[in-house]
Structure formats: C-alpha cells, structure tokens
Amino acid sequence: LLPQAMIELTVQHRSTDPVLKKFWKRARDESSSLLALTRQAIATFQAPGPYDAEITMSHRKRRRRNEEKSQEQSREMQGMWVNPPEKSPEPRLFLAPGVRLIGTGLAKTLMNGRQYEVVSVGPTIHLQERELRANGERIEHRMAPESVAKEAVLCYAVTAASCQGEEYGSKVCVRDLAHPHMTKAMFRTVTSRARNSADMCCLAD
C-alpha cells in the first residue's frame, strides 16, 4: 500500500522537450533556490495567449479568471447563464456546447475532480466526461442547469493544489510564481504540467 503522504515523482516522463527536461532537472536540484528558479521560468517560458488553461495559487484569483473567461465565452458562443447556489462564492456559470467544467466537492451526480464538456444546453444540460475511463467508456449525464451550477465549476483556471496529475497538451499559463505561499515542491508541480516549452507561459502575478 502507498503511504498516506504526497508522493512526488522525481523523474519526468511526460515530455521529451529538451528545454523542459533541462529546467526540471535544475528544479529538482536542492541547491537551486526558489527565487532563481522563478526568475528563470519567467524569462524562459513566454508563450503568448490565448491559453487553454491557467494555474493560480488562490481560489479568489481562480474564480476571477473563470468569471472573465465566462464573460468572454458568452460574447462568442450561444448558451445560457446559470446562477450559483445561494451563498456560494463561485461566480455565475455560462453554459454552452464545448464549455469545459470540473466536478467539485459538492458533486453527487458528477465526480469531484473529473472534467466534463457541455454537449448541449436547454431545460436539461447534456454533459459528457472528457476522458475515457479504463474500460473505454465515457459517461454522460443530463442534469438541470441549477444542479450543474451546484456540482461543477468552469475548469479554465484551476488552483495549484488541484492541478496535480493534470497534463496540458495545449497552451497553459502558470500564474502567481511570486506568491508568498509558493513552495519549491509546489513550484515543481505547476511548472511540470505542460508537454512543450513553447506552450507554457510563467508569470509572477
């Protein structure tokens, strides 16, 4: 059985990108300071937007960036706005075909941490899992709009704590590298989500 503690992989297998592999090697070096690594990441990884995902340190910024993304999508797509549950800190949710969501800790029908894509909107929202399961199935759900807003949030922006295990084959922006709560272990996590150096942007704020 695995121990009840976070297991950190010391060898990266997700990318053959020489720039990333060299950077990850330095990040694993105990003699490398977090400040020096942060400066190198910001100078090295400067992929221009738009981005398919963003990683932040705080839920406050995650919510703000997701709200801004929803506003952007509402101008470009045909869909509907759904209000969050009463007293929820989450912003309004814009639902349209193609919008990506992630299940939250309040999920009952959906699964916490699993990503979904909106297939269609109407009196009921048709969702399907974005990733195939081990048996090759992709589960679909049809839910009331208010139930979707209760069980899922937009997954454009995610927190550093919740991105472990995720892998982005498209453009990703890593924010908050200068956050006071950033640690070296967390730094290694957030800067190892991209497959290609040309698809990652690192920012201090």
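Is Asn135 buried or exposed? With a relative accessible area of 54%, Asn135 is exposed; here exposed means over 50% relative accessible area, buried under 20%, and partly exposed in between (1.4 Å probe, protein chains only). The close-ups below come from a predicted model, in which local features need pLDDT of at least 70, side-chain atom pairs count only at pLDDT 80 or more, and totals for chains, interfaces and linings use all residues. Residues are numbered from 1 along each chain as its sequence is written, and side-chain values use heavy atoms, with hydrogens and water left out.

**View 1. The whole chain, before zooming in.** The chain has five helices and 11 strands; these are DSSP runs numbered from the N terminus, H or I over at least four residues for helices and E over at least two for strands. Its C-alpha atoms fill a box of roughly 55 × 40 × 30 Å along the principal axes. Buried residues make up 41% of the 205. Take the contacts (heavy atoms within 4.5 Å) between residues at least 6 apart in sequence: 63% of them join residues at least 24 apart.

View 2. Helix α1 spans residues 18-28, and Leu20, Phe23, Trp24 and Ala27 are buried in it. Seen down the axis, these buried residues fall within an arc of 100°, so they line one face of the helix (the arc is that of the directions from the helix axis to the C-beta atoms). Turned away from that buried side are the exposed residues Pro18, Lys22 and Lys25. What do the buried residues of α1 pack against? They pack against α2 (34-44), α5 (184-190) and β11 (200-202). At the start of α1, a side-chain oxygen of Asp17 comes within 2.8 Å of the backbone nitrogen of Val19.

**View 3. Helix α2, built along similar lines.** Leu37, Thr38 and Ala41 are the buried residues to look for in α2. They cover an arc of only 100° around the axis, which puts them on the same side of α2. Leu35, Arg39 and Ala43 are exposed, on the face turned away from the buried side. The cover over the buried residues of α2 includes α1, α5 and β11.

**View 4. The largest nonpolar core.** This core has 24 residues, and Ile55, Leu177, Val190 and Met200 have the most contacts inside it. (A nonpolar core is a set of buried Ala, Val, Leu, Ile, Met, Phe, Trp, Tyr and Cys residues joined through side-chain atoms within 4.5 Å.) At least two residues each come from α1, α2, β1 (53-56), β10 (172-174), α5 and β11, and α1 gives the most, with four. Leaving aside neighbours within four places in sequence, Ile55 is in contact with a set of residues including Val158, Tyr168, Val174, Val190 and Arg193. Apart from this core lies another, of 23 residues, among them Ala96, Tyr116, Ala152 and Cys201.

**View 5. Leu110, a buried loop residue.** Leu110 sits in the loop between β4 (100-103) and β5 (115-120), yet is buried at a relative accessible area of 3%. Beyond its neighbours within four places in sequence, Leu110 contacts Tyr116, Leu127, His141, Met143, Glu151 and Ala152. The C-alpha atoms of Leu110 and Ile139 are 9.7 Å apart, though 29 residues separate the two along the chain.

**View 6. Asn135, back to the opening question.** Asn135 lies in the loop between β6 (125-129) and β7 (140-143). Its side chain reaches the backbone nitrogen of Glu137 at 3.0 Å.

View 7. Most residues other than glycine have a negative phi, and most peptide bonds are trans. Lys87, in the loop between β2 (80-82) and β3 (93-95), has a positive phi near 70° and is exposed at 80% relative accessibility. Asp176 also has a positive phi, about 65°, but counts as buried at 6% relative accessibility; its place is in the loop between β10 and α5. Gly49 and Pro50 are joined by a cis peptide bond, with omega about 5°, and Pro50 is found in the loop between α2 and β1.

How values were computed
Polar contact = N/O pair within 3.5 Å; in protein donor to acceptor, adjacent residues only side chain to side chain.
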